[in-house]
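Please read them with the model open.

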Amino acid sequence: MPKSNKPAEHPALAAIRADGGNRVKVAVSDIDGVLRGKYLHKDKFFGAAESGFGFCDVVFGWDMTDACYDNTKLTGWHHGFPDAMVRLDLDTYRTVPWDDHVPFVLGEFVTAVGGPHPVCPRQILRRVLKRAEKLGLQPMCGMEFEWFNFAETPQSWAEKKGVDPEPITPGMFGYSLLRANHAREFFKALMEELAAFRLPLEGLHTETGPGVYEAAIMFSGALEAADRALLFKGATKEIGARFGIMPSFMAKWHQGYPGCSGHVHQSLSDGKKNLFFDDKGRGKHDPRMSPLFESYLAGQVALLMEFAPMFWPTVNSYKRLVDGFWAPVKPTWGIDNRTASFRVIPGSPKSTRLETRCPGSDVNPYLAMAALLAAGLHGVEKQLKLTTPPIRGTNVGSDNIARAPRSLKETTEIFKRSTLARAWFGDDFVDHFAATREWEWRRWQDAVTDWERMRYFEIV
């Protein structure tokens, strides 16, 4: 018999056809990294998998509380919030263990002619990765998240009106097996169900603070790493709800406790080996650091402030940037030094990498990775060199390095003026994202806080 020229069906489609249910869960990222999605009937899904499906572009026209922006151009009331096209990425197929193993697929927005949507976060990361590909480089990444866990439900939290959430355990007890055992079923569910969700964790432990955990997600290619990081936050919230636990990835929920980080580990590969490792021992600052590693690091040091809103995206992000509270506040680098913004981890040919410690847990993973990779790749393209020595101890040697701004307003103004941000991410994205951050700042400016009432209500 003659061979068929029909292309083989994607394994995800075959698996979904074989699934006994009649629904498929699909999702996209909004501008804040909040997962937005829906269930599709299986019949509808196969059409969507072939030619895409419409998804209201309001997901780029409102904030995380569904309040519509009044200052954006690409979407808004003036456009009538039409459907934008979503293309499903079948390579992201997995099933959801805690939702009857329903099939799940991530998507990304495209233009009417199938090109990358200019403000879709996943497309922004793809844009950066294309430039890496032209350089013959494959970024490898892994994210770590810290987050607090509370004995709350949406209803109890609404009744408290945003005041005094109850952590699941008291005290400052990092790396505590005792505290982990307190919520051992939740711990177990995270380790086992996330692995079954194709989201493997390298490790999970308690951190310093009441009810705070830290998870390290297994490293992978950058796009997969960002997908995993985005899904991790949503999955952790869904699993937690089953145990009466409300996880929060807010960068800093209480001034008396450390903030929550979203550290990004990175290296560059040529497809065969880790290019950050120097097998000839020629590194200027450490014999295991390759010249490519130095240029990549120098790019991140140079562009930290220009790209800052992409990894410090909320008003609350800047409450985490407090001296003496673990989060680095200057564009410093050091060799295996956790007080630096950029921690060089020199090790074996496989493990040599950079840990960028600036981002908080409130990031949109696509945008944070896009910003950090773009900054590093800029350094590689320009063959930048480090101009400051590594810091020692607790920021020793950083006296003449400028501190990070303390507000979203300041960093957004720098970002909006950045020619390099526009070159890497596009004018449409820079203008839109800057407008959304300006909106976020205005919401804060209009708010009357508990701090103000406690300070002024009776006395002035």
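1. At 41% relative accessibility, Arg453 counts as partly exposed, where buried means under 20% relative accessible area, exposed over 50% and partly exposed in between, using a 1.4 Å probe and protein chains only. Its salt-bridge partner is Asp450, at 2.7 Å from N to O, and Asp450 is likewise partly exposed at 39%. A salt bridge here is a side-chain nitrogen of Lys or Arg within 4 Å of a carboxyl oxygen of Asp or Glu. Both residues lie in helix H13 (residues 450–456), three residues apart, or about one turn of the helix; helices (H or I, at least four residues) and strands (E, at least two) are DSSP runs, numbered from the N terminus.

2. This is a predicted model, in which local features need pLDDT of at least 70 and side-chain atom pairs count only at pLDDT 80 or more, while totals for chains, interfaces and linings use all residues. Residues are numbered from 1 along each chain as its sequence is written, and side-chain values use heavy atoms, with hydrogens and water left out.

3. The whole structure holds 33 salt bridges. In one of them, Arg443 meets Asp446 at 3.7 Å, N to O; these two are three residues apart in helix H12 (residues 427–446), and are therefore separated by about one helical turn. Arg443 is partly exposed at 34%, whereas Asp446, at 55%, counts as exposed.

4. A charge sits over a ring if NZ of Lys or CZ of Arg is within 6 Å of the ring centre and within 35 degrees of the ring normal. Arg131 lies over the face of Trp424 in this way, at 3.5 Å from the ring centre.

5. There are 31 aromatic pairs, meaning rings of Phe, Tyr and Trp (its six-membered ring) whose centres lie within 6.5 Å, with planes under 30 degrees apart counted as stacked, over 60 as edge-to-face and the rest as tilted. Phe145 and Phe249 form an edge-to-face pair, 5.8 Å centre to centre with 80 degrees between the planes, and this pair links distant parts of the chain, 104 residues apart. Phe145 is buried at 0%, as is Phe249 at 6%.
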